Structure formats: C-alpha cells, structure tokens
Amino acid sequence: MNEDLKIEALLDLSKTIAADLFTGLTYPWEALPKISEYILKIGPTLSEEIYEKRGEDIWIARSAKVAPTAYLHGPLIICEDAEVRHCAFIRGSAIVGKGAVIGNSTELKNCIIFQNAQVPHYNYIGDSILGFKAHLGAGAITSNLKSDRSIVTIPVEEGRIDTELKKFGAIVGDNVEVGCNSVLNPGTVLGRNTTVYPLSMVRGTVPANSIYKKQGEVAEKL
C-alpha cells in the first residue's frame, strides 16, 4: 500500500467541515465524486445561527465575506470567516473552508478547500483538494482533464494506481506552497510542507517536505 498517498499522510481532517466525507476511504481523490452529494446532505443540518441559505443549495456563513460580484452556484458551502473576492467564479460542488481565501477571478469546480487555504489570484481549482494552509501563487492552476480524455492514473513504484476518474486535478497537502503560474497536471499529488518553484509543470507525486524545482529535480527540505 502506498502510505504516502493515503488521506492521513496528506490532510488534517480536523481542518475541514468535510471530514466525514473521507470516512471509509483510503486515498483522498476517492472523495471527489462524492462532494456534491455530501453538501446536499449536510447543508440543511448547518446551524442557522452560523449559516444562511442563499439561493438553491448554497449555504454561506454569516461571518464570511463574499463580494457582490462573485458568481455562486450550488451545491456550495462557504464556511466561517472565509473570503470570496471580486469576480470569483464558483461553479458548484465546492466546499470553502473556514478562513480560506478565494481570490479575484479564481474559478472553483468540484473541490474541497481546507481551512486557511488560499487561492487568491487568477487560479483554477477543478476536481481537486487543497489542504490546510495550502497556498497557490498567482496564476497557478490545476489541470483536471488529460488531453486524450483517458482515465487519470497515479505513478507509484509498483506501477500505476487507476483512480477510475476521467477528471482529477490535484491533491495539495497541508502547508504546501505552489509558485506563481505553475500547472499541476492531472493526478498530481503534493506531499505536506512541499514548495513548488514558480513556472513549474508538475506531474505525478512529490514527497512531503520537498522543494520541487523542475521535473526530475526535487530536493529534500533541510
């Protein structure tokens, strides 16, 4: 079993309202097809003192700051103290964690953003999970569909893990820093506390506590 790719190796589930979604799963990408159903399940149970329902299947914490120019489509949960800035485009099936920042012109689709994660400038996050305090620099995106539309696989020492997903962007572990204008190709998995240089094209898996400089050049953080 590929221990470094398991949920507990990448993500602190105490830092998301979606913790129960991962129950019984082994790898984090297994949660991606379940996000929409999960939101529809827990949305009506959220405290009306903390959340208000806005439109169809949209629950927003009263303490969250949402720009009037942001586009919001359900199913969607925006947690306490989150900030959704000017012209953000949330297409649905998204969970925005407590204290997270969704920036100007950033697009979200079928994703989980953990607490205090930030995608503050011109980012695209599709069919992906961003861990606690993960940060994507300006213009960094997740590419969630292979050019040949085939199933996304994860390279491991024993071969490849078949995710059974045609759309799967990236799993970004807790405290990961992704440099500006980088592309995380379909099926990218970034281990905890990793730093990715700007203008990188990342593919496959990157171990925790690493510095990704370019393909084939990954250094261990000292």
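## Charged pairs

E52 is partly exposed, at 27% relative accessible area (buried is under 20%, exposed over 50%, partly exposed in between, with a 1.4 Å probe and protein chains only). R54 falls in that class too, at 34%. The side chains of E52 and R54 meet in a salt bridge, 3.0 Å from N to O (a side-chain nitrogen of Lys or Arg within 4 Å of a carboxyl oxygen of Asp or Glu).

This is a predicted model, so local features need pLDDT of at least 70 and side-chain atom pairs count only at pLDDT 80 or more, while totals for chains, interfaces and linings use all residues. Numbering runs from 1 along each chain as its sequence is written, and side-chain values use heavy atoms, with hydrogens and water left out.

The whole structure has eight salt bridges. In one of them, E217 pairs with K214, with the closest N and O atoms 3.9 Å apart. Shared partners join E52, R54 and R62 into one network.

E107 also bridges to R91, at 2.8 Å between the closest N and O atoms. E107 sits in strand β10 (residues 107–113) and R91 in the loop between β7 (89–90) and β8 (94–96), so the pair ties together parts 16 residues apart in sequence (strands are DSSP runs of E, at least two residues, numbered from the N terminus).

## Charges over rings

Two lysines turn up here. K15 lies over the face of F132, 4.9 Å from the ring centre, and K53 lies over the face of W59, at 5.5 Å (NZ of Lys or CZ of Arg within 6 Å of the ring centre and within 35 degrees of the ring normal).

Notes: Helices (H or I, at least four residues) and strands (E, at least two) are DSSP runs, numbered from the N terminus.
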